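Q: How should I read the contact between two chains in a model, and then single residues within a chain?

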There are 2 protein chains.
Amino acid sequence: MDSPSEEEWLACCGSAKFAQEMASAAPFSSLQRAVDAARDIWFNKVDVNGWLEAFAAHPAIGESPSKTVKSQTSAQWSKGEQSAALATATDATLQELYDWNARYRQKFGFVFLIFASGRSTPEILAEIKKRYHNRPIIEFELSAKEQMKITELRISKLFPANATVASTTKT
Amino acid sequence: MDSPSEEEWLACCGSAKFAQEMASAAPFSSLQRAVDAARDIWFNKVDVNGWLEAFAAHPAIGESPSKTVKSQTSAQWSKGEQSAALATATDATLQELYDWNARYRQKFGFVFLIFASGRSTPEILAEIKKRYHNRPIIEFELSAKEQMKITELRISKLFPANATVASTTKT
C-alpha cells in the first residue's frame with residue numbers, strides 16, 4: 001500500500017499541522033502504529049489553534065457539509081458517520097438539533113463535535129443538552145477527545161486489512 | 001466613584017466579551033465583588049477564542065508593548081508589572097528570554113503569559129523553560145489562570161481604597 005497523502009490525513013483530521021506531521025511520520029507498519037502516532041501528534045504537538053482548525057472542518061451535526069468544505073473525502077465520511085442519526089431523525093428532532101447547534105456555537109465559539117457513528121438523533125440531542133452546561137475549557141478538551149475518536153475511525157479506512165504486510169514490504 | 005468604562009475593563013483583560021460582561025454586571029459594591037464577577041465571567045462565559053484574544057493583548061515578556069497595542073492603559077500596566085524583571089535583566093538573560101519567547105510561541109501558538117509582578121528575569125526564565133514541556137491544552141489552561149491573576153491586580157487599580165463607600169452611595 002502507498003502511504004496516505006497529506007490530503008488523506010487532512011480528511012482524517014482537519015488540522016494542517018496534524019496532516020504534515022502524519023505525512024512526515026509515515027509510513028506506518030500497522031494501523032495501530034498510525035493511531036499511536038496520531039494520538040501523540042494530536043494531543044502533544046497540535047496547538048489549540050490547530051484544534052480549532054480541525055473542529056472547523058466539520059459540518060454541524062444533522063446538517064449537510066457546506067459546499068465550501070475543504071476536503072470532499074471528509075465531507076463524505078461525515079455523511080456516513082451521521083447515517084444512524086439521520087435515519088432516526090424526524091422534522092421535529094432535526095429542528096431541535098439545529099437550534100441546539102446554534103446555541104452551542106454561540107456559547108463555545110465552535111461546532112458541537114461528537115463521535116456520531118451508530119448514535120441516534122435522540123441520543124445526540126441528549127448529549128448536546130448535557131454538554132451545553134460545561135465550562136468552555138472542559139468542552140474544548142472533550143471535543144478534542146471526540147475528534148480523536150473520529151480521526152481513529154477515519155484512519156482505519158485508510159488501512160485495508162493487509163496494510164501490515166503491504167507497508168512492511170514497502171519500507 | 002463612577003463605574004469603570006468598558007475600555008477600562010478591556011485594559012484589565014483584553015477579551016471583548018469579558019469587558020462587555022463586566023460593564024453589564026457593574027456597578028460593584030466592592031473590589032471583592034468585582035473580582036468574583038470577573039472570575040465567573042472569565043472561566044465560565046468567555047470562550048476559548050476569547051481566551052486567545054486576551055492573551056494576544058499582551059506584549060511578549062521582556063519586550064516593549066507594540067505601538068499597535070489596542071489599550072494604552074494595558075501597555076502601561078504591562079511595563080509596571082515587568083519592572084522587577086527588567087531591573088534584574090542583563091543583555092544575556094534578555095536575549096535568552098527573547099529566544100524562549102519565540103520557541104514558546106512556535107510550540108503553543110500564543111504568547112508566554114505569566115503573572116510577572118515582583119518576579120526576576122532568572123525566575124521567569126526558569127518558568128518558561130519548565131512550562132515549555134507541557135502539553136498545549138495544559139499550557140492553555142495554565143495561561144488562563146495567569147491571565148486571571150493579572151486581571152485581578154489590574155481591577156484593584158480601578159478601585160481606590162474608598163470604592164466600597166463611594167459605589168454604595170452611587171447605586
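Predicted model: local features only at pLDDT ≥ 70, side-chain atom pairs only at ≥ 80, totals over all residues.

Q: How is the size of an interface given, and how much area do chain B and chain A bury between them?
A: The size is often given as the accessible area lost when the parts come together. Here chain B and chain A bury about 1,600 Å² between them, with 59% of that on carbon and sulfur atoms. In terms of residues, 17 of chain B are in contact with 18 of chain A.

Q: How many salt bridges are there between chain B and chain A?
A: The count is 2 salt bridges. In one salt bridge, the side chain of R135(A) meets that of E141(B), at 3.8 Å from N to O. There are also 2 residue pairs in polar contact across the interface.

Q: Which elements give two or more residues to the side of chain B that touches chain A?
A: On chain B these are α3 (31-45), α4 (48-56), α7 (91-108) and α9 (136-158). By residue class, the side of chain B that touches chain A has 10 nonpolar, 3 polar and 4 charged residues.

Q: How are the two copies related?
A: In general, two copies of a chain are related by a rotation about an axis and a shift along it.

Q: Is E146(B) buried or exposed?
A: Its relative accessible area is 6%, and buried means under 20%, so E146(B) is buried. E146(B) sits in helix α9 of chain B.

Q: What does the side chain of E146(B) reach?
A: The side chain of E146(B) reaches the backbone nitrogen of F115(B) at 2.7 Å. A polar contact of 2.8 Å also joins the side chains of E146(B) and K149(B). Setting aside neighbours within four places in sequence, E146(B) is in contact with L113(B), I114(B), F115(B), R119(B) and R131(B).

Q: Where is S83(A) found?
A: S83(A) is in helix α6 (residues 83-87) of chain A. With 43% relative accessibility, S83(A) counts as partly exposed. S83(A) and S120(A) are 37 residues apart in sequence, and their C-alpha atoms are 8.8 Å apart in space.

Terms used. Residues numbered from 1 in each chain as written. Chains lettered and ligands numbered in written order. Heavy atoms only, no water. Contact = heavy atoms within 4.5 Å. Buried area = accessible area lost by both parts, 1.4 Å probe. Salt bridge = Lys/Arg side-chain N within 4 Å of Asp/Glu carboxyl O. Polar contact = N/O pair within 3.5 Å; in protein donor to acceptor, adjacent residues only side chain to side chain. Helix = DSSP H or I, 4+ residues; strand = E, 2+ residues; numbered from the N terminus. Nonpolar A, V, L, I, M, F, W, Y, C, P; charged D, E, K, R; others polar. Buried < 20%, exposed > 50% of the residue type's maximum accessible area, 1.4 Å probe, protein only.
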